[in-house]
Amino acid sequence: MIRTNAKTVTFCKSFILKDVDEVFPAGSYLVEVDEECVRGGGSIIGYKRLLAVMHLPVPQSLDGLTRAVFVDPLELDAVIAKDNIR
């Protein structure tokens with residue numbers, strides 16, 4: 001069984017993603033994470049993150065379009081942790 005969780009992540013600083021050739025500005029981004037149920041002994045013992053999709057801003061001239069990229073959940077954790085270092 002796979003479930004999807006959506007949350008908004010707010011970055012205080014600009015950031016980069018390794019597979020995207022662009023610098024993203026500080027701001028809030030919608031992130032959806034797919035997780036697979038992990039079972040042990042017949043019961044659910046947790047969830048394993050499979051992938052994350054980050055929704056990105058598009059220029060106002062392209063109003064109505066959306067843009068999203070796949071992000072490794074571990075890379076996303078690292079980018080968030082780096083942003084939170086003060």
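Reader: Which strand gives the most to the lining of the largest cavity?
Author: Strand S6, residues 67-71, with three residues. Keep in mind that this is a predicted model.

Reader: And which residues line the largest cavity?
Author: Leu 17, Lys 18, Asp 19 and Val 20 are among them. Val 69, Phe 70, Val 71, Asp 72 and Glu 75 are also in the lining.

Reader: What volume does the largest cavity have?
Author: About 40 Å³.

Reader: How many cavities of 30 Å³ or more are there?
Author: The count comes to one.

Reader: How does one find such a space?
Author: A probe the size of a water molecule is rolled over the atoms, and that shows where empty space is left.

Reader: New topic. In the largest nonpolar core, which residues touch the most other members?
Author: Phe 15, Leu 17 and Met 54. The core has 16 residues.

Reader: Which elements give two or more residues to this core?
Author: Strands S1 (2-11), S4 (27-40), S5 (43-56) and S6 do, and so does helix H1 (73-84).

Reader: What is Phe 15 in contact with, leaving aside neighbours within four places in sequence?
Author: Glu 22, Val 23, Phe 24, Pro 25 and Tyr 29 are on the list. Met 54 and Val 79 are on it too.

Reader: Where is Val 79 found?
Author: In helix H1.

Reader: Is Val 79 buried or exposed?
Author: Buried. Its relative accessibility is 12%, and buried means under 20%, so Val 79 counts as buried.

Reader: What does Val 79 contact, again leaving aside neighbours within four places in sequence?
Author: Phe 11, Phe 15, Ile 16 and Leu 17. Val 79 and Leu 17 are 62 residues apart along the chain. Their C-alpha atoms are separated by 7.9 Å.

Reader: What is its radius of gyration?
Author: The protein chain has 15 Å, while a compact globule of 86 residues would be near 12 Å. The C-alpha atoms fill a box of roughly 50 × 35 × 20 Å along the principal axes.

Reader: What share of the residues is buried?
Author: Buried residues make up 26% of the 86.

Notes:
Residues numbered from 1 in each chain as written. Predicted model: local features only at pLDDT ≥ 70, side-chain atom pairs only at ≥ 80, totals over all residues. Heavy atoms only, no water. 1 Å grid on protein atoms, 1.4 Å probe; cavity = no way out; pocket = protein on both sides within 12 Å on 5 of 7 lines; lining within 4 Å. Points joined across faces, edges and corners; volume = space filled by probe spheres on them. Helix = DSSP H or I, 4+ residues; strand = E, 2+ residues; numbered from the N terminus. Core = buried A, V, L, I, M, F, W, Y, C linked by side-chain atoms within 4.5 Å. Buried < 20%, exposed > 50% of the residue type's maximum accessible area, 1.4 Å probe, protein only. Contact = heavy atoms within 4.5 Å. Rg over C-alpha atoms; globule rule 2.2 N^0.38 Å.
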